[in-house]
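Please read them with the coordinates open.

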Amino acid sequence: MSDNTIHDSTILGPPDASRAPRYTEPGTFARLPRLSEVGDAAVTIVGIPFDTGVSYRPGARFGPGHIRASSKLLRPYNPGLDIAPFGVHQVADAGDIAVNPFDIVEALDTVDHAATALSENGSRLLTLGGDHTLALPLLRAMHKLHGKIAVLHFDAHLDTWDTYFGAPFTHGTPFRRASEEGLIDMERSMHVGTRGPLYGKQDLEDDAVLGFQVVRSDDYQFDGVRSIIDRIIRRVSGGPVYVSIDIDVLDPAHAPGTGTPEAGGMTSRELLNTLRGLVGLNIVGADIVEVAPAYDHAEVTGIAAAHVGYELLSVLACNEVR
């Protein structure tokens with residue numbers, strides 16, 4: 001597909017920006033229709049304004065709205081992948097899942113049930129967080145439909161720690177819990193972009209036991225994007241894949257608006273090009289988390305997150321026409 005035309009007349013896309021200024025439209029992702037307007041969608045975007053699991057800076061509960069506001073300039077044709085992501089199949093914004101901000105366990109159950117309901121008809125979910133605690137209930141929902149899933153996790157941090165202050169459900173623990181619950185494919189999962197100090201060498205040893213290989217942020221400097229894409233494909237292909245992207249995988253220069261920033265991260269160009277390399281993988285869902293707009297400026301982080309979402313939607317569209 002080499003133009004931005006919507007060839008299926010039943011697909012409703014964003015409004016024509018030459019007829020309605022972008023800043024006048026409703027606040028959906030990329031000005032897409034609301035799910036209530038189309039009934040069903042091949043890809044559903046949903047926000048989860050929740051950050052009760054954070055350990056340092058709060059504010060990611062405002063991430064979904066910030067990402068949507070930063071997405072208004074996205075256009076219908078992606079030249080990097082030669083695809084019109086909104087013209088191949090129906091994409092719609094379901095709004096936000098309302099979760100309890102005072103009870104983490106209840107919030108996780110709410111997300112699990114809502115994500116299951118949104119995806120049980122075969123729709124792929126792109127979730128806008130929120131903090132990374134949300135990956136656990138989203139994986140629970142995906143596991144019901146697809147069985148064990150390879151987790152492709154972009155993050156400065158491992159997020160496989162055991163507890164914080166004795167609490168088992170935080171933004172630093174979702175993938176340990178997911179591994180313990182048998183949700184992930186331990187032979188096909190991977191962290192990408194990790195860096196920074198750890199509590200000890202045991203963190204890496206425990207992480208390997210939980211089923212993850214690691215691509216460090218420094219590997220981009222020494223090996224290059226193409227080599228890392230090849231490593232990812234070798235590791236995670238062969239079954240369903242869930243892509244989880246903590247925006248702090250980017251260097252603070254590219255994403256200052258996040259809760260636990262670490263120096264030495266990826267550039268936005270490296271991340272976007274890596275995501276384009278995922279075409280052909282069986283991606284069953286994805287999330288973009290940890291956008292904290294109170295620490296952002298000039299929408300730098302929000303724009304990066306919006307483009308991450310756009311590339312993920314483009315990959316799903318490419319997979320549809322392959």
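1. Basis. This is a predicted model, in which local features need pLDDT of at least 70 and side-chain atom pairs count only at pLDDT 80 or more, while totals for chains, interfaces and linings use all residues. Residues are numbered from 1 along each chain as its sequence is written, and side-chain values use heavy atoms, with hydrogens and water left out.

2. Helices α9 and α10. Helix α9 (residues 268–276) packs against helix α10 (residues 300–321) at an angle of about 15 degrees, and their axes are 9 Å apart. Here helices (H or I, at least four residues) and strands (E, at least two) are DSSP runs, numbered from the N terminus. Axes are lines fitted to C-alpha atoms, for helices over the stretch in contact, and angles run from 0 to 180 degrees between N-to-C directions. The angle makes α9 roughly parallel to α10; angles under 35 degrees count as roughly parallel, over 145 as roughly antiparallel, 65 to 115 as roughly perpendicular and the rest as oblique. The crossing of α9 and α10 is right-handed, that is, the near helix is turned clockwise from the far one by less than a right angle.

3. Residues between α9 and α10. From α9, Leu271, Leu272, Leu275 and Arg276 meet His307, Val308, Glu311, Leu312 and Val315 of α10. Contact means heavy atoms within 4.5 Å. Sorted by class, the contact of α9 with α10 has six nonpolar, one polar and two charged residues. In this scheme Ala, Val, Leu, Ile, Met, Phe, Trp, Tyr, Cys and Pro count as nonpolar, Asp, Glu, Lys and Arg as charged, and the others, Gly among them, as polar.

4. Helices α2 and α10. The axes of α2 (residues 63–70) and α10 cross at roughly 80 degrees and come within 8 Å. That makes α2 roughly perpendicular to α10. His66, Ile67 and Ser70 of α2 make the contact with Gly302, Ile303, Ala305 and Ala306 of α10. By class, the contact of α2 with α10 has four nonpolar, three polar and no charged residues.

5. Glu299. This residue sits in the loop between β8 (282–289) and α10. Not counting residues up to four places away in sequence, Glu299 touches His66, Ala69 and Ser70. Glu299 is partly exposed, at 32% relative accessible area; buried means under 20%, exposed over 50%, and partly exposed in between (1.4 Å probe, protein chains only).

6. Salt bridges linking separate parts. The structure holds 15 salt bridges, each a side-chain nitrogen of Lys or Arg within 4 Å of a carboxyl oxygen of Asp or Glu. One of them joins Arg177 and Asp162 (2.7 Å, N to O). Arg177 lies in helix α5 (residues 174–180) and Asp162 in the loop between β4 (150–154) and α5, so the pair ties together parts that are 15 residues apart in sequence. Arg177 is buried at 7% relative accessibility, whereas Asp162 is partly exposed at 39%. Asp206 and Arg176 form another, with their closest N and O atoms 3.7 Å apart. Asp206 lies in helix α6 (residues 202–209) and Arg176 in helix α5, so this pair ties together parts that are 30 residues apart in sequence.

7. Other salt bridges. Asp16 pairs with Arg19, the closest N and O atoms being 3.7 Å apart. Asp16 is partly exposed at 41% relative accessible area, and Arg19 is exposed at 74%. Arg216, Asp219, Asp223 and Arg231 are linked in a network of salt bridges.

8. Leu210. Its place is the loop between α6 and β6 (212–216). At 10% relative accessibility, Leu210 is buried. Leaving aside neighbours within four places in sequence, Leu210 contacts Thr160, Arg176, Ser179, Ile184 and Met186.

9. Backbone details. Gly129 and Gly130 are joined by a cis peptide bond, with omega about 20 degrees. Arg31, a residue other than glycine, has a positive phi, near 60 degrees, and is buried at 6% relative accessible area. Asp82 is not a glycine either and has a positive phi of about 55 degrees; Asp82 lies in the loop between α2 and β2 (91–96).
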